[in-house]
Amino acid sequence: MIIGKKEFDTAHKCYIMGILNVTPDSFSDGGKFNHLDAALRHTEEMIREGAAIVDIGGESTRPGHQVITDEEEISRVVPVIEAVKKHFDVPVSIDTYKGAVAEAALQAGADLVNDIWGFKHDKRVAELTAKYGAACCLMHNRQEAVYDDFQKDVVSDLEECVRIAREAGVADDKIILDPGVGFGKTYEMNLEITNHVDILHQLGFPVLLGTSRKSMIGLTLDLPATDRVEGTLATTVIGVMKGCSFVRVHDIKENYRIIQMTEAILSR
């Protein structure tokens with residue numbers, strides 16, 4: 001698939017989406033990169049260490065996060081998107097589920113819309129994605145962790161996201177799916193969907209796994225968000241072995257190396 005000007009071999013490789021939170025309150029790196037100079041330095045570092053996409057978010061989506069206005073979110077992300085596009089040749093993703101923010105970000109040069117509600121919160125995001133010819137990552141999410149048949153329901157929910165995308169005019173070769181680890185799921189469900197992430201392949205789209213430093217790892221290892229690198233790496237190995245095309249992570253260097261090692265073994 002093509003994201004921005006870059007071609008991604010999603011059938012044979014796993015790529016890194018590096019996380020750039022320009023927020024004061026994200027769960028593991030809040031306030032570290034919410035100034036333009038710091039954001040650009042971190043972007044440069046992530047690209048050097050192996051990030052293939054930079055995912056820029058202006059509102060924390062951690063549990064209990066503070067919802068902010070569209071204007072505040074736009075004021076955080078647009079200058080960073082413009083600066084990253086000016087200084088670096090890397091596809092940029094905007095992490096938002098709001099139409100106004102998506103529109104401003106796409107106008108500023110964003111190449112991909114990463115929507116934690118899979119176009120279900122604001123269907124205008126789907127229309128804007130199609131209008132700008134952008135790629136999208138549609139994440140599974142629910143308001144409550146209530147399911148009849150968990151794995152089947154996740155697949156069914158994502159089918160609905162794909163339907164919304166297609167009806168808005170988004171091309172199939174612009175769609176990535178995300179199982180939504182940490183969103184609308186219990187601890188046990190998060191472990192289960194990570195282990196069975198390959199069930200999403202039946203839908204026929206590249207899959208992104210986003211587990212970096214999340215509570216599933218903290219609860220398993222009894223560690224704070226700042227000390228979850230090894231736990232994240234374990235999930236990345238699982239992701240590569242299950243055929244994921246992307247992982248969304250904070251710690252680029254470590255994840256890049258472990259992907260290279262895992263792919264080398266699997267290729268033999």
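In this predicted model, Cys244 counts as buried, at 4% relative accessibility. Cys244 takes part in no disulfide, and the nearest cysteine sulfur, which belongs to Cys14, is 6.5 Å away. Because a disulfide requires cysteine sulfur atoms within 2.5 Å, the separation of 6.5 Å between the sulfurs of Cys14 and Cys244 is too far for a bond. Cys14 is likewise buried, with a relative accessible area of 6%, and the structure as a whole holds zero disulfides.

Val247 lies in strand β10, which spans residues 246-249, and is buried, with a relative accessible area of 1%. Between the C-alpha atoms of Val247 and Thr235, which are twelve residues apart along the chain, the separation is 9.4 Å.

The packing of nonpolar side chains can be described next. The largest nonpolar core has 65 residues, of which Ile56, Ile81 and Phe119 touch the most other members. Helix α5, covering residues 150-168, gives the most to this core, contributing eight residues. A second, separate core consists of 13 residues, including Met1, Met17, Ile53 and Leu112. As for Ile81, its contacts, with residues up to four places away in sequence left out, are Ile56, Val92, Ile94, Ala105, Ala108, Gly109 and Ala110.

Most residues other than glycine have a negative phi. Arg213, although it is not a glycine, has a positive phi of about 60 degrees, and Asp222, also a residue other than glycine, has a positive phi near 55 degrees. Arg213 is found in the loop between β9 (208-209) and α7 (215-221), while Asp222 is placed in the loop between α7 and α8 (229-241). In terms of accessibility, Arg213 counts as buried because its value of 13% falls under the 20% cut-off, whereas Asp222 counts as exposed because its value of 68% is over 50%.

The accessibility values of the residues discussed above are set out here.

| Residue | Relative accessibility | Class |
|---|---|---|
| Val247 | 1% | buried |
| Cys244 | 4% | buried |
| Cys14 | 6% | buried |
| Arg213 | 13% | buried |
| Asp222 | 68% | exposed |

Methods
Residues are numbered from 1 along each chain as its sequence is written. This is a predicted model: local features need pLDDT of at least 70, side-chain atom pairs count only at pLDDT 80 or more; totals for chains, interfaces and linings use all residues. Side-chain values use heavy atoms; hydrogens and water are left out. Helices (H or I, at least four residues) and strands (E, at least two) are DSSP runs, numbered from the N terminus. Buried means under 20% relative accessible area, exposed over 50%, partly exposed in between (1.4 Å probe, protein chains only). A nonpolar core is a set of buried Ala, Val, Leu, Ile, Met, Phe, Trp, Tyr and Cys residues joined through side-chain atoms within 4.5 Å. Contact means heavy atoms within 4.5 Å.
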